Amino acid sequence: MTHIVVHPAPIPSPISPQELLPWTVFVGLLLLMALYFVGAEQGATSLIQGDAVHEFVHDGRHLLGFPCH
């Protein structure tokens, strides 16, 4: 004889804004840093010497519409 056992599914609890805020700030800062390196690095406000960063993000600059030539 076969017995079927059904376990109730756990109910997920919602994430509160207080728990979500630090992650939102962290991801926002990462995105701003990425935007800086793609859009502004190797320009007038260059933080890193040489053209390694420019060459690494060169295609991304064109894809996002940033002029670089």
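**The whole chain**

Colour the chain by pLDDT. The average over the protein is 81, and 81% of the residues score at least 70. Where pLDDT is low, the predicted coordinates should not be read in detail.

Next, switch to a cartoon view. The protein contains three helices and zero strands, and along the sequence these give the pattern α-α-α. Select residues 17–39, helix α1: among the elements, this helix has the highest mean pLDDT, at 90. Then select residues 52–56, helix α2, where the mean pLDDT is the lowest, at 72.

**The nonpolar patch**

Keep the surface on and select Ile15, Leu20, Trp23, Phe26, Val27, Leu30, Leu31 and Met33. Together these residues form a nonpolar surface patch with about 850 Å² of accessible area. One of them, Val27, belongs to helix α1. Val27 has a relative accessible area of 41% and is therefore partly exposed, since that class lies between 20% and 50%.

**The aromatic pair**

How many aromatic pairs does a search of the whole structure find? The search returns one. The ring centres of Trp23 and Phe26 are 6.3 Å apart and the planes meet at 85°, so the pair is edge-to-face; an angle over 60 degrees is what places a pair in that class.

Both residues sit in helix α1, and because they are three residues apart, about one helical turn separates them. Their exposure can be compared with the cut-off of 50% in mind: Trp23, at 58% relative accessible area, is exposed, whereas Phe26, at 46%, is partly exposed.

Is Val38 buried or exposed? Its relative accessibility is 15%, so Val38 counts as buried, the limit being under 20%.

Now display what surrounds this side chain. Apart from neighbours within four places in sequence, Val38 is in contact with Val57, Gly60, Arg61, Leu64 and Phe66. Select Gly60 from that list and draw the C-alpha to C-alpha distance to Val38: the two are 6.7 Å apart in space and 22 residues apart in sequence.

Among contacts with a separation of 6 or more, 12% are between residues 24 or more positions apart.

Technical notes. Residues are numbered from 1 along each chain as its sequence is written. This is a predicted model: local features need pLDDT of at least 70, side-chain atom pairs count only at pLDDT 80 or more; totals for chains, interfaces and linings use all residues. Side-chain values use heavy atoms; hydrogens and water are left out. pLDDT is the predictor's confidence in each residue, from 0 to 100. Helices (H or I, at least four residues) and strands (E, at least two) are DSSP runs, numbered from the N terminus. Patches are made of residues with over 30% relative accessible area and no salt bridge: like charges are joined within 9 Å, nonpolar side chains (Val, Leu, Ile, Met, Phe, Trp, Tyr) within 5 Å. Accessible areas come from the Shrake-Rupley method with a 1.4 Å probe; for residues, only the protein chains shown count as cover. A salt bridge is a side-chain nitrogen of Lys or Arg within 4 Å of a carboxyl oxygen of Asp or Glu. Buried means under 20% relative accessible area, exposed over 50%, partly exposed in between (1.4 Å probe, protein chains only). Contact means heavy atoms within 4.5 Å. Rings of Phe, Tyr and Trp (its six-membered ring) pair if their centres lie within 6.5 Å; planes under 30 degrees apart count as stacked, over 60 as edge-to-face and the rest as tilted.
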